[in-house]
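Subject: Structure handover

Hello,

Here is the structure I promised to pass on. Please open it next to this email and follow along.

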Amino acid sequence: MNQETDRNKDIDEKLQGEATIIKSTMKPNGRKLYVESYGCAMNFSDSEVVASIMTKKGYTTTGNIDEADIVLINTCSIRENAEDRVRKRLTNFKNRKKRQPDLIVGILGCMAERLKTKLLEEEKLVDLVAGPDAYRDLPGLIDEVGTGQKAVNVLLSRDETYADISPIRLDKSGITGFVSITRGCDNMCSFCVVPFTRGRERSRDPQTIYNECDELFKNGYREVTLLGQNVDSYRWNMTSKGEIKDDTKPTTNFAQLMGSVAIISPDLRIRFSTSHPKDMSDEVLETIAKHDNICNSIHLPIQSGNTEVLKRMNRGYSREWYLDRIAAIHRIIPGCAITTDIITGFCDETEDEHRDTMTILKEVKWDFAYMYKYSERPKTLAERRFEDNVTEEVKSARLTEIIDLQRNNSAKKNLKQIGKVHKVLIEGPSKRSDIHMSGRNDHNTKVVFPMKNSKKGNYVLVKITDCTTATLLGEIIEIIDPAK
Ligand code: 5AD
Ligand code: SF4
């Protein structure tokens with residue numbers, strides 16, 4: 001299984017296909033909505049905003065596609081294979097429409113934004129198209145389907161953050177939740193389609209973020225993940241140069257935002273994703289170190305270990321800068337887990353440049369890495385400036401080398417945990433066994449252990465007895481909070 005599927009599967013396991021019965025104050029309109037999400041955590045979070053907008057209009061959501069009147073599919077464009085997967089699914093839905101002609105199929109997210117009217121007008125795969133900033137318009141677009149008007153809204157906004165919308169949680173665990181803090185991205189990494197599909201970066205009102213996290217905690221949630229394409233560039237009431245916009249109001253940066261959420265309760269764990277090496281400040285690291293409930297786990301994509309490749313990627317840092325940030329993490333948060341993303345076979349990547357990625361893998365020894373072959377995306381800077389000239393064979397060979405080395409690193413790290421005790425937040429029963437529970441430790445590693453009399457939402461101390469490359473196995477030695 002490749003890394004992308006791995007990551008999706010992880011989120012899929014949490015969220016997909018869950019029958020979600022929504023309590024709405026609005027009288028039901030008798031129509032049922034099925035939402036399916038692909039790609040990054042932001043998409044899964046957005047689908048919860050969509051569920052909220054729709055239930056306010058009287059729709060109910062269902063996890064059973066067979067009873068759906070409307071299917072919305074929230075899509076990813078990051079690599080070509082992500083789009084291929086969605087196209088296959090849309091073809092399935094097209095066949096389903098032959099049996100159920102009234103079924104409305106809509107496409108949301110990055111593919112909707114990138115392809116605009118194409119899937120509706122040319123390929124006739126969908127009835128409705130809504131880009132990431134157009135979800136408030138969904139009920140109106142649904143009404144337009146079949147009226148002869150084009151049910152398409154792909155306008156990107158400079159200020160939409162859905163700040164006032166309280167997402168309807170589609171994750172049945174009721175323990176971990178995503179909270180988006182920024183939308184869009186201003187970085188323009190040359191390989192990346194996100195700035196084109198999600199628009200300019202904007203930060204959400206910190207008070208609404210605090211309120212959403214507080215509400216989640218009151219509803220029994222024990223972990224929130226603060227989401228943004230680049231969480232470190234979160235800023236409220238400040239320009240990107242750090243100037244204050246309105247001096248009658250307070251400003252908030254990412255470190256301050258995280259610090260404010262951390263004091264909701266020591267029993268609420270805070271995670272965040274994704275950090276950017278060029279923007280991750282010591283202040284952020286010090287905030288993590290200061291609060292026990294901010295998890296010691298940082299996802300810090302490097303993309304390549306070679307400075308020239310990083311320049312072509314327009315990442316805004318060098319190999320040395322990245323290593324300096326790693327040193328800062330070790331200095332300020334000793335023992336912090338660090339994970340990364342790597343792209344192999346980017347335009348003009350030489351064997352020597354690839355070797356630099358191999359050596360940095362040996363040097364940093366990330367706990368985990370998501371590794372991808374470069375996939376050229378239309379309209380990106382790389383597509384316009386460079387040639388996608390590393391052959392498929394070479395890309396595959398380099399990816400295999402990187403995966404093998406990283407697997408070895410991950411396995412060694414896990415082996416070292418045997419005999420140690422980890423604090424784990426239980427997310428629910430293990431997928432593979434009725435008598436086992438599954439949760440995550442501070443480092444975001446999955447831990448599986450016999451249930452004893454623990455419940456989901458409990459914090460437990462688990463002694464690690466065995467491991468696989470991605471999972472730790474153990475025994476509960478203490479249930480910290482049996483009362484909850
Ligand atoms: N090709 C391959 N991988 C990509 N990513 C982003 N764009 C591309 C692309 N065009 C990877 C990066 C990013 C992760 C979310 O996806 O590693 O960090
Ligand atoms: Fe894409 Fe770079 Fe923005 Fe991440 S930081 S979303 S890789 S442009």
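Below is what was found in it, topic by topic. Keep in mind that this is a predicted model.

Start with ligand 2. Around it sit Cys 185, Asn 187, Met 188, Cys 189, Phe 191, Cys 192, Val 194, Pro 195, Gln 229, His 276 and Arg 315. How does this shell divide into nonpolar, polar and charged residues? There are 7 nonpolar, 3 polar and 1 charged.

Next, the salt bridges. The structure has 40 of them. One pair is Glu 83 and Arg 377, whose side chains meet at 3.1 Å, N to O. This pair links distant parts of the chain, 294 residues apart. Glu 83 belongs to helix H3 (residues 80–99). Arg 377 is in the loop between strand E16 (368–373) and helix H14 (381–385).

Now look at the surface. Which residues gather there in a patch of positive charge? They are Lys 365, Lys 412, Lys 416 and Lys 420. To find Lys 412, go to helix H15 (residues 392–415).

Last, two points about the backbone. Ser 273 and Thr 274 are joined by a cis peptide bond, with omega about 10°. Thr 274 lies in the loop between strand E13 (269–273) and helix H10 (282–290). Then turn to Asp 348. Its phi is positive, about 65°, although Asp 348 is not a glycine. You will find Asp 348 in the loop between strand E15 (337–344) and helix H13 (351–364).

Best wishes

Definitions and conventions: Residues numbered from 1 in each chain as written. Chains lettered and ligands numbered in written order. Predicted model: local features only at pLDDT ≥ 70, side-chain atom pairs only at ≥ 80, totals over all residues. Heavy atoms only, no water. Patch = residues over 30% accessible without salt bridge, like charges linked within 9 Å, V, L, I, M, F, W, Y side chains within 5 Å. Areas by Shrake-Rupley, 256 points an atom, 1.4 Å probe, with all protein chains shown as cover. Salt bridge = Lys/Arg side-chain N within 4 Å of Asp/Glu carboxyl O. Lys, Arg positive; Asp, Glu negative; His and termini not counted. Charge placed at Lys NZ, Arg CZ, Asp CG, Glu CD. Helix = DSSP H or I, 4+ residues; strand = E, 2+ residues; numbered from the N terminus. Near = heavy atom within 4 Å. Nonpolar A, V, L, I, M, F, W, Y, C, P; charged D, E, K, R; others polar.
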